[in-house]
Amino acid sequence: MHSDYYDFSLTTFSPSGKLVQIEYALNAMTSGGTALGIKAKNGVVIATEKKLPPLMDHTTVQKISLLTENVGMVYAGMGPDSRVLARKGRKAAQRYKLVYDEDIPCSQMVKELAAVMQEFTQSGGVRPFGVSLLIAGYDHSGTQLYQVDPSGSFWGWKASAIGKNMANAKTFLEKRYHEDMELEDAINTAILTLKEGFEGQMTENNIEIGVISDDTRTFRVLTQAQTKDYLDLIG
């Protein structure tokens, strides 16, 4: 059978055991802006670059999404795909709240989104999601950081990166990360990691940072003023 058949068929394995469309979805993710997450001793930080055309209103673009009060996510890849997943995640959270009368745990949110992404790898007439997600949140085990890929695979991480500069970012994180890192140190490390592969000047307008701490158990996105304070501190 011609190799092009496997390139265009989502539900047929190639002779080498691959679903080639999933690999193409990963390529879409690696063409997106770099995003990363770090799990500190007392919280989690996720951060991403947000490079936009000069004339675009940067306040209308958000790469970090709030799914519930205690769970947030950042994506690398196709923005419209991430919005679909964010909407499905919020609906899953409301269903969980209706049944159990409590906020959905971070780990359960990850399983819900991973199941959606996996379903889109073995159904006819659809394509895989062209994004990877980093999900930060709180559950009964404390603050957590997970990564979900287009195949529906997910893992818990101490620190990870996705997007076009993820290889260099992961190498940088491996050198800087330690398990006793405080949340404030993790925020500074996240900014320094983004700076490693950043083209041009980094400002509060072209990066986003989200944090959740063990104390508040609430996910929040830093304001531009707060982000600028961290950038000024690093220099």
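Let's start with Ile 38, which sits in strand S1, the stretch covering residues 35-40. Keep in mind that this is a predicted model. With a relative accessible area of 0%, Ile 38 counts as buried, because the cut-off for that label is under 20%.

So what does Ile 38 touch, once residues up to four places away in sequence are left out? Its contacts include Gly 43, Val 44 and Val 45, and also Leu 145, Lys 158 and Ala 159. Further along the chain, Ile 38 touches Leu 173, Tyr 177, Met 181, Ala 186, Thr 189 and Ala 190. Now look at Leu 26 for a moment: 12 residues separate it from Ile 38 in sequence, and the two C-alpha atoms are 22 Å apart in space.

Next stop, helix H3, which spans residues 79-100. Lys 88 is found in this helix, and at 34% relative accessibility it is partly exposed, since that value falls between the 20% and 50% cut-offs. On the surface, Lys 88 gathers with Arg 87, Lys 91 and Arg 95 in a patch of positive charge.

Stay on helix H3 and find Val 99, which also has its place there. Is Val 99 buried or exposed? It is exposed: its relative accessible area is 61%, and exposed means over 50%. Val 99 belongs to a nonpolar surface patch, together with Leu 98 and Tyr 100. Those three residues have about 390 Å² of accessible area together.

Terms used:
Residues are numbered from 1 along each chain as its sequence is written. This is a predicted model: local features need pLDDT of at least 70, side-chain atom pairs count only at pLDDT 80 or more; totals for chains, interfaces and linings use all residues. Side-chain values use heavy atoms; hydrogens and water are left out. Patches are made of residues with over 30% relative accessible area and no salt bridge: like charges are joined within 9 Å, nonpolar side chains (Val, Leu, Ile, Met, Phe, Trp, Tyr) within 5 Å. Accessible areas come from the Shrake-Rupley method with a 1.4 Å probe; for residues, only the protein chains shown count as cover. A salt bridge is a side-chain nitrogen of Lys or Arg within 4 Å of a carboxyl oxygen of Asp or Glu. Helices (H or I, at least four residues) and strands (E, at least two) are DSSP runs, numbered from the N terminus. Buried means under 20% relative accessible area, exposed over 50%, partly exposed in between (1.4 Å probe, protein chains only). Contact means heavy atoms within 4.5 Å. Lys and Arg count as positive and Asp and Glu as negative; His and the chain ends are not counted. The place of a charge is taken as NZ of Lys, CZ of Arg, CG of Asp or CD of Glu.
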